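Please examine the structure shown here together with its sequence.

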Amino acid sequence: MSDELRQRADEIRGLFREWFGAEPEVTVQAPGRVNLIGEHTDYNDGFVFPMAIERSIMICGRRRNDARLVMHQPAMASMHGSTAEASLEDIVKDPKHRWANYILGVARELLKLGCSLCGAELVIAGNVPIGSGLSSSAAIEVATATFFEALCGLEIAPKEVALLCQRAENQFVGVNCGIMDMFISTLGHEGHALMIDCRSLEYTQVPFDDPDVHVVVADTGVRRGLVSSEYNVRRAECEQGARLIGKALGKPVAALRDVCGAGFRRVEAELADPVRKRCRHVVTENERVVQSVAALEAGDWRCFGRLLNESHVSLRDDYEVSCDALNLMTDLLRQQDGVLGARMTGAGFGGCAIGVFRGVDDPAVQATCAHVAARYRERTGVEPSLFPTRAAAGAGVVRTET
């Protein structure tokens, strides 16, 4: 455990004592993530390649003698109040404290699995920026499941934790997200990225632990206002494309995952834009994920960086989910010494870009972050946030008290 993680655990324990006037029993953490490559492939049954980052959500708490949950999130003090309460005997959505629904949804799924839950007092805090595309919501959900596991003595397989957290977000919170964010927050290994097959849910831990390699996360400060509506449009275009390609090939195509590059090129001319462009992105992006894993396994970092650059171009031009802020941030990252590649990450229309650097030391990476932030601020008038990270471990207990 890093010194930074210990310090944050001590801080949240102090917040718990301050708010509840007692000692906590359990402190857990679950990380946010960046997707290294494989964007908008998940709902096409394709491949994704995320890694957990060194920023996380923490939950600290103790049991109660009744069936009530008392949840305190200091960061929400200016957003309809910071404390929410609910009963485990009748879990319903909280329309006032929306952040609490991520916790309540997980509790409901645990109860549906037959788990015996106790009431609890808990504090939630973290350093994953909300709304930046780094999966703070999945981190809260996975941290909640990890907290109840530790507090109530539950034993749940990590893959099932990810799936129940996804069900909580889909069915209770009401967001139709995929499995990637919960998988990496639960199953991340330090020094590894995770290749996930979104159809079979098989996954592979891929070493990403070269000490000379740094991933820089660059939050543009632009929030993703168009994601919901455009996501639905892109999904419909992909489904239409799969049907049209299947018809052209004379065989059923369940999803674009089933179309190889050669097969797409044979029928590409029969498709009209924008469906043709959407399909081209998904087909080539799936290939880039597979090629990226092969490049890393071979130690070919230059190839990996080239694939990141190609992914951004495809997302910008074919899938059309980038924006001026993401394009500028990506360009600035690519202009820096030691950069292998850079691209937008996440759903698009704002949020974050990533840059992968090799052969530069920690002070140089910090200087690069400061330089890019200054250049971006000069060009846009917006304050960005850049930080380096390595591939972090997934969720777990930080400390318990006896």
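The model is a predicted one. In soluble globular proteins, nonpolar side chains tend to be buried together. Here the largest nonpolar core has 88 residues, and the members that touch the most others are L36, F49, M71, F147, F208 and F304. Helix α3, residues 136-152, supplies the largest share of this core, namely nine residues. Apart from this core lies another, of 39 residues, which includes Y43, Y319, A342 and L386.

F49 shows how such a residue is surrounded. When neighbours within four places in sequence are left aside, F49 is in contact with N35, L36 and I37, with A193, L194 and M195, and with V206, V289, V293, L296 and F304.

Helix α5, residues 180-187, may be considered next. Eight of its eight residues are buried, so the helix is largely enclosed by the rest of the structure. These residues are M180, D181, M182, F183, I184, S185, T186 and L187. What do they pack against? Their partners are the strands β1 (26-37), β2 (47-63), β6 (192-197) and β7 (203-207), together with the helices α3 and α4 (158-173).

R234 belongs to helix α6, residues 227-249, and R278 to helix α8, residues 275-297. R234 counts as buried because its relative accessible area, 5%, falls under the cut-off of 20%. R278 is likewise buried, with 5% relative accessibility. The side chain of R234 forms a polar contact of 2.6 Å with the side chain of E230. Beyond residues up to four places away in sequence, R234 touches Y43, R278, Y319, E320, V321 and F349. With the same exclusion, R278 touches R234, E237, D318, Y319 and E320. By contrast, 33 Å separates the C-alpha atoms of R278 and D209, which are 69 residues apart along the chain.

The final step concerns a pair of helices. Two packed helices are described by the angle between their axes and the distance between the axes. For α10 (residues 324-334) and α11 (residues 362-380), the axes come within 10 Å and cross at roughly 145°. This crossing is right-handed. On the α10 side, the contact involves A325, L328, M329, L332 and L333, while α11 contributes V372, R375, Y376, R379 and T380. Grouped by class, the contact comprises seven nonpolar residues, one polar residue and two charged residues.

Note on methods
Residues numbered from 1 in each chain as written. Predicted model: local features only at pLDDT ≥ 70, side-chain atom pairs only at ≥ 80, totals over all residues. Heavy atoms only, no water. Axes fitted to C-alpha atoms, helices over the stretch in contact; angles between N-to-C directions. Helix = DSSP H or I, 4+ residues; strand = E, 2+ residues; numbered from the N terminus. Left-handed = near helix turned anticlockwise from the far one by under 90°. Contact = heavy atoms within 4.5 Å. Nonpolar A, V, L, I, M, F, W, Y, C, P; charged D, E, K, R; others polar. Core = buried A, V, L, I, M, F, W, Y, C linked by side-chain atoms within 4.5 Å. Buried < 20%, exposed > 50% of the residue type's maximum accessible area, 1.4 Å probe, protein only. Polar contact = N/O pair within 3.5 Å; in protein donor to acceptor, adjacent residues only side chain to side chain.
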